[in-house]
Amino acid sequence: MKAQGVLSVFLILIPPLSGFQDAFFLAFLDYMSSANEQVVIGRLDEDIILPCSFKSGSKVIIHWQKQKTINVHSYYRGSDHLENQDSKYTNRTSLFHSEIHNGNASLSLRRLSLLDEGNYNCYVSTAIGSITNKVVLKVGAFLTPVMKYEKRKTNSFLICSVFSVYPRPVITWKVDGSTPVSEKNTGEIGPLGSFYINSTQNITGSNSSYECTIENSLLKQTWMGRWTREGSLHNKQGERVSLSCQLGSNFSLLNQDFRVTWSRVQHGTSFVLASYPSSSQKMIISEPRLSLNKELISQRDFSVNLTDLSLSDSGEYLCNISSSKYTLLTIHTLHIELSQGTASRNRHFGILAALPIFVVLLILAVRYYPVCNSSSTERSHVSTDKRASNADNAEENMALSKSPSTTGNEHCDNT
């Protein structure tokens, strides 16, 4: 406002010198523009206000331009005049009409895109003078950062990604909270110039904790993902197990939406078992044997209980706590074994399963051996009668008694 007063006095004192006045005035406006330059930082798809103030007066004329050539918004004779407005700004700009008489010529710009970045000039003229303000608009993007855990055959991976980010962010990985590790980054540029970033870490066989941070220097915003393995749990069939998932003291849930999801990781795919969105505070459970204690949520505890365990429940279980500022992953490996009672019943069942075969063999034996004994007794009786009636033929009868049987029971003992 002080500069405006100086400009007004300066214009009054300068006499109309042909040609010289115009050149000097333009140079002075350029100086004023640099002196009044403001930097405004906006976010992709959000709204922003480009500031511009002047000393109030009558007959107000306002022109907003980008790069001094693109018409953004015009106001004069008490109303907007958008006939020459660039099509990229259609239905996206507005002035604060009720504040213009107070010296407010600020422009509201809605639904920012990366193409909106650049230098804007606000020209204001009134009955008492004119002024030019320069605004530098920078647009940043930082949408949907996430950390994911994936199983690919025998390998395990952590993936930190951000769907839309601008400018290109800085990504850092650490092991056990302190040791930096290298990563494999892939980046793609979207149609509007923002980046899609994927950063992958192979953690096969590791029990260490991993931390990934993504930093947007323009927006001064940092997101973090953390992965922790809680170790292996061994339980018996039919038992109940508690899977822990607690929010550390370094993280806050105040004044932000978050979601807790429990999943089972199997054959490279995650199956959601339960979820808790803070926006609705309503539990959504797809596995009826799973339960989460609502009373513990206020204590930052999202542990669950899984009851009536079966052998098919063996595997990895993942707790995911996500907000706009972080993703916390906790994984459990569960091993289910046969209970002693079940193992004993299985042994008894094996014995019972073998009984029918034993009974069949026994029946065959009972039917088989009496026939053999009967044949032997009969042959012995015939041999005795023959010896009694014909003692002189003892050698012949002896040979007959040792000859093979013809009854079909050749393997019976005929002695």
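To how many disulfides does the count come by the distance rule? The count comes to three disulfides, a disulfide being a pair of cysteine sulfur atoms within 2.5 Å. This is a predicted model, in which local features need pLDDT of at least 70, side-chain atom pairs count only at pLDDT 80 or more, and totals for chains, interfaces and linings use all residues. Residues are numbered from 1 along each chain as its sequence is written, and side-chain values use heavy atoms, with hydrogens and water left out.

**Overall make-up**
- The protein has five helices and 24 strands; helices (H or I, at least four residues) and strands (E, at least two) are DSSP runs, numbered from the N terminus.
- Of the 415 residues, 37% are buried, meaning under 20% relative accessible area with a 1.4 Å probe, protein chains only.

**Cysteine 52 and cysteine 122**
- A disulfide joins these two residues, with an S to S distance of 2.1 Å.
- The torsion about their S-S bond is about -80 degrees, so the disulfide is left-handed.
- Cysteine 52 lies in the loop between strand 2 (48–50) and strand 3 (61–66), and cysteine 122 in strand 8 (residues 118–126), so the link ties together parts 70 residues apart in sequence.

**Cysteine 160 and cysteine 212**
- The sulfur atoms of this disulfide are 2.4 Å apart.
- Cysteine 160 belongs to strand 10 (residues 155–166) and cysteine 212 to strand 15 (residues 210–216), 52 residues apart.

**Cysteine 245 and cysteine 319**
- The S to S distance in this disulfide is 1.9 Å.
- The link is left-handed, with -65 degrees about the S-S bond.
- Both cysteine 245 and cysteine 319 are buried.

Technical notes
Buried < 20%, exposed > 50% of the residue type's maximum accessible area, 1.4 Å probe, protein only.
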